[in-house]
Amino acid sequence: MPPLSRVVRPLRVLLVLVLATLLAAQVAGLPWAVGQLADDGLRGPLLVAGVLVLACAEAVVVCTWRLLALVAGDRVFSAASRPWVDAVVLLVAAAEVLLLAATAYAAAAGAPPGLPPALLGLAVVGAAVGLLVVVLRALLRSATTLHDDLEAVI
């Protein structure tokens, strides 16, 4: 068994746990947390934004699962991986836009003092993750090109 294949199964177990945690947060945690806000006008929009951000995160987990299937099949350095990586980039960007919109809305609507900075902090983390995925996508494209060139030579 190649060394990389050894990490696929444990990573899948962790992805299942992450997905279960995200679903629990989406169904129970987020509605409770948003319900603690005193302003009724903030609850609805922030709940919708939160549910959509978590849905983006859940979709990233699914894309990662599909990429792991390509790793397990030794096909990650093929054109089949590009749509999944591109989907991750788009999902992270969508979550970023939602977080920034929620931050702006919370600040304009007079949310409790700690909420806009917390949302902005999440947006900064999201931006870092997004940029990291863009760099990894570029590395994957380079590696795929090199892999294809090597296949052609052999």
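1. A residue counts as buried when its relative accessible area is under 20%. Cysteine 63 has a relative accessibility of 5%, so this residue is buried. Please keep in mind as you read on that the model is a predicted one.

2. Let us stay with the cysteines for a moment. Cysteine 56 is also a buried residue, with a relative accessibility of 10%. What is the cysteine sulfur closest to that of cysteine 56? The answer is the sulfur of cysteine 63, and the 10 Å between the two is too far for a bond. A disulfide needs two cysteine sulfur atoms within 2.5 Å. By that rule, the count of disulfides is 0.

3. Helix α2 covers residues 8-35 and packs against α3 at an angle of about 175 degrees, the two axes being 10 Å apart. Angles over 145 degrees count as roughly antiparallel, and α2 is therefore roughly antiparallel to α3. The contact of α2 with α3 has 24 nonpolar residues, together with 4 polar and 3 charged ones.

4. Helix α3, which spans residues 40-72, also packs with α4. Their axes lie 9 Å apart, and the angle is about 165 degrees. These two helices are therefore roughly antiparallel to each other. The crossing of α3 with α4 is left-handed. In the contact of α3 with α4 there are 25 nonpolar residues, 1 polar and 1 charged.

5. Now for the charged side chains. In general, side chains of opposite charge can pair when their charged atoms come close. How many salt bridges does the structure hold? There are 2 of them. One joins the side chains of aspartate 86 and arginine 137, with 3.1 Å from N to O. Aspartate 86 belongs to helix α4 (residues 82-108) and arginine 137 to helix α5 (residues 115-153), so this pair ties together parts 51 residues apart in sequence.

6. Aspartate 86 also forms a salt bridge with arginine 141, where the closest N and O atoms are 3.7 Å apart. Here the parts tied together are 55 residues apart in sequence, because aspartate 86 is in helix α4 and arginine 141 in helix α5. Taken together, Asp86, Arg137 and Arg141 are linked in a network of salt bridges.

7. Aspartate 86 is partly exposed, at a relative accessible area of 23%. Arginine 137 is partly exposed as well, with a relative accessibility of 23%. Arginine 141 has a relative accessibility of 38% and counts as partly exposed too.

Key
Residues numbered from 1 in each chain as written. Predicted model: local features only at pLDDT ≥ 70, side-chain atom pairs only at ≥ 80, totals over all residues. Heavy atoms only, no water. Salt bridge = Lys/Arg side-chain N within 4 Å of Asp/Glu carboxyl O. Helix = DSSP H or I, 4+ residues; strand = E, 2+ residues; numbered from the N terminus. Buried < 20%, exposed > 50% of the residue type's maximum accessible area, 1.4 Å probe, protein only. Axes fitted to C-alpha atoms, helices over the stretch in contact; angles between N-to-C directions. Parallel < 35°, antiparallel > 145°, perpendicular 65-115°, else oblique. Left-handed = near helix turned anticlockwise from the far one by under 90°. Nonpolar A, V, L, I, M, F, W, Y, C, P; charged D, E, K, R; others polar.
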